[in-house]
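Here are a few notes to read alongside the model, written for someone meeting it for the first time. Please keep the view open as you go through the points.

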Amino acid sequence: MNEAIKVPTMAEMMASGDSPDVLFWVGCSGSFDDRAKKITKAIAKILAKAKVKFAVLGTEEGCTGDPAKRAGNEFLYQMQAMMNIQVLDAYEIKKIVTGCPHCFNTIKNEYPDLGGNYEVVHHTQLIQSLIDEGRLTLQGGGEFKGKRITFHDPCYLGRANDEYEAPRSLLEKLDAELVEMKRCKSKGLCCGAGGAQMFKDAEPGNKEVNVERTEEALQEKPAVIATGCPFCNTMMTDGVKHFEKEGETQVFDVAELIAKAADL
Amino acid sequence: MGIGNIVFIIILLAASAAFGYQASKIRRNILLGKDLDRNDRKKDRWILMIKVALGQSKMVVRPVAGIMHIFIYAGFVIINIEVLEIVIDGIFGTHRAFAFLGGFYDFLIGSFEILAFLVLFSCVVFFTRRNAINIKRFHSKEMKGWPKSDANLILVVEVLLMFAFLSMNSTDYLLQQRGADHYIAAGAYPISSLMTPMFEWMSTDGLIIYERSAWWFHIVGILLFLNYLPISKHFHIILAFPNVFYSKLQPAGKFTNMDRVTDEVKLMMDPTADPFAAPPPTDSDAAPEKFGAKDVQDLTWKNLMDAYSCTECGRCTSNCPANNTGKLLSPRKIMMDTRDRLEEVGKNIDKHGPEYNDGKALLGDYISEEELWACTTCNACTDACPVNINPLEIIVDLRRYLVMEESKNPSELTGMFTNVENNGAPWAFPQADRLKWAEEF
Ligand code: SF4
Ligand code: SF4
């Protein structure tokens, strides 16, 4: 199935007097990073397949301010947040889904202090409910059936917001062999990207965090390292390259795995 | 009332007063921190305290250390009932004042003995583990010197106190059997009765001298230990409870909102605001409050209570991705530095009054920029801490000062800030390209 998917913007929807059930907050990585764009497309395909009425902000979306806030630049964060809240409120947005745990955490937990109140879900949570409601069906795991998959918990989904089960329950739907790393769930090791580290070199040390984490993942000899965050995806992909294991192990977002298994 | 009782009462009063004095200093130091409301959701707080502090739910993540810690902790709490009896005996010159409880007394003393033995055993294991086995988190940089001796001293003292308690009971038991005056037959001695071969050779007088000495050693030791707590990491046995009670209850990912920044940003974004309007009147000519934290007084009282509650166990650091990969950052050191600096500030106030400025600060003199910038804000440290200490809040508040007051941040981050400001994204992509992905199906 490869017909073009129509991704309406909020402006277009509004112009036709319509409104979406859920706003798809794409995030900067999902909009600009070539690897992350594939995740974005997978999410859009799933939403379309499940006939979810969604829209995006397109050029009206701006950085949530997460990296600025974690780096200590509260001014910049609040400027971004307030501009976004103005846009979201102007469109009377109620529910948001996002593929980025950082956007998810910031909009869900931090925007309320600045007057932005929305129901925010991570894409794995939304996909889980689509499957539960029967709006999305998978015929077995497709190419992942029986494969070893390990899930790397993104800090801002897991420890920060206590969501460990939604991504795992999706992976179970693939009929794959789910293997856990030594440090998983609330003990999961960071990929090294959070707290604005993504945008700077690491401090002097004896190893890169993503190398440490990927090493741990590779010990499980997985066919797939699954993630739920575009930044984790970058870090783990780089880690796999570091160990020259691209032949054996691939890094995918849970949404990509589901989209593939659903033949989208 | 004998001379012994008078001496006892004097020691007891002096030790209690000294402890009260030290505790009041710590209270004052903690209250140097900024206001923060943590009195909401009382019920959740009580439940959390019962689970995490009383129930030690986060200790047992590492089962062996966790269970032995529970032995020591239960021993500490329950043996305090014994201390109550000792205090009564000490004041009134009685012997085993609670003996009238009969069978229940036997049960009490019996369980104290078993606990005392478990404490002794656990302390010996902990001492060996800490010193003879190479466990990384006990040998990091920040654990050299005083922190190391502090940890060992506590274990040695506990072993001595427990041995004094058991040998006191053992000699008492022998004296009861020999029908010595004053030594009424009371209590059950499951452990100390096994120790009698160590003392059987003594004359009755010798036994009495030993029993009395052990009694005095035990109680004076406990009172001295009480006064050692406030200068030691061992203060956690008291502060663990309020510290968990006042935990952050929101999702770990939620960072505090800086309301003062909100006011300014609102003004900037309000098209009707007059940029030249006089700033709102402030009630004094006090220096404007700074953004973020430079020193301990800029942190919240909860951050400072955290620092006094830290037991230097290093679970935070051993889970820290930055520390695990050889970076300078150690969340335990963040807490130890905060406490050390706060103690220093407190001493300055005692000596020179509250206005004194020693020209030093937590940021720079204790914690370096290199440490701060290594943090990935992953919350592994807050998750690992058995008493819900939050090193991350301190790290972020110090970063805020560096960025907003001194514009000191790694240069790549300046680039990221500029991009967010100009392009609405942390990278220099044109905003117009945001929807490019949708054309690529
Ligand atoms: S939040 Fe920072 S200090 Fe704490 S464990 Fe993660 S990287 Fe280390
Ligand atoms: S902050 Fe908590 S985990 Fe870290 S050393 Fe102190 S008590 Fe242990």
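1. Let's begin at a salt bridge: E61(A) pairs with R434(B), and their closest N and O atoms are 3.3 Å apart. The term stands for a side-chain nitrogen of Lys or Arg within 4 Å of a carboxyl oxygen of Asp or Glu. Between chain A and chain B the count is 6 salt bridges.

2. A word on what you are looking at: this is a predicted model, in which local features need pLDDT of at least 70 and side-chain atom pairs count only at pLDDT 80 or more, while totals for chains, interfaces and linings use all residues. Residues are numbered from 1 along each chain as its sequence is written, chains are lettered from A and ligands numbered from 1 in the order in which they are written, and side-chain values use heavy atoms, with hydrogens and water left out.

3. Next, the whole contact between the chains. Chain A brings 73 residues to it and chain B brings 60 residues, where contact means heavy atoms within 4.5 Å. The buried area is about 5,800 Å², with 66% of it from carbon and sulfur atoms; this is the accessible area (1.4 Å probe) that two parts lose on being put together, summed over both. On the chain A side, F32(A), F75(A) and F199(A) give 13% of the area that chain A buries against chain B, more than any other three residues.

4. As for helices, the largest share of the side of chain A that touches chain B, 10 residues, comes from α5(A). Helices here (H or I, at least four residues) are DSSP runs, numbered from the N terminus.

5. N109(A), in helix α6 of chain A, is worth a look. This residue counts as buried because its relative accessibility is 8%; buried means under 20% relative accessible area, exposed over 50%, and partly exposed in between (1.4 Å probe, protein chains only). Its side chain makes a polar contact of 2.7 Å with that of N105(A) and another of 2.7 Å with that of N161(A). Beyond residues up to four places away in sequence, N109(A) touches residues of both chains: F104(A), N161(A), P251(B) and K254(B).

6. How many residues of helix α9 (residues 301-309) of chain B are buried? The count is 9 of its 9 residues. They pack against α1 (3-30), α7 (236-245), α12 (331-352) and α16 (391-406) of chain B.

7. S309(B) belongs to that helix, and is buried because its relative accessible area is 0%. A polar atom of its side chain lies 2.7 Å from the backbone oxygen of M305(B). Leaving aside neighbours within four places in sequence, S309(B) is in contact with H236(B), L239(B), N243(B), V387(B) and I389(B).

8. Finally, L218(A) sits in helix α9 of chain A and counts as buried because its relative accessibility is 12%. Apart from neighbours within four places in sequence, its contacts are I225(A), F243(A), K245(A) and T249(A).

Technical notes. Helices (H or I, at least four residues) and strands (E, at least two) are DSSP runs, numbered from the N terminus. A polar contact is a pair of N or O atoms within 3.5 Å; within protein, one must be able to donate a hydrogen and the other to accept it, and residues adjacent in sequence count only if both atoms are side-chain atoms.
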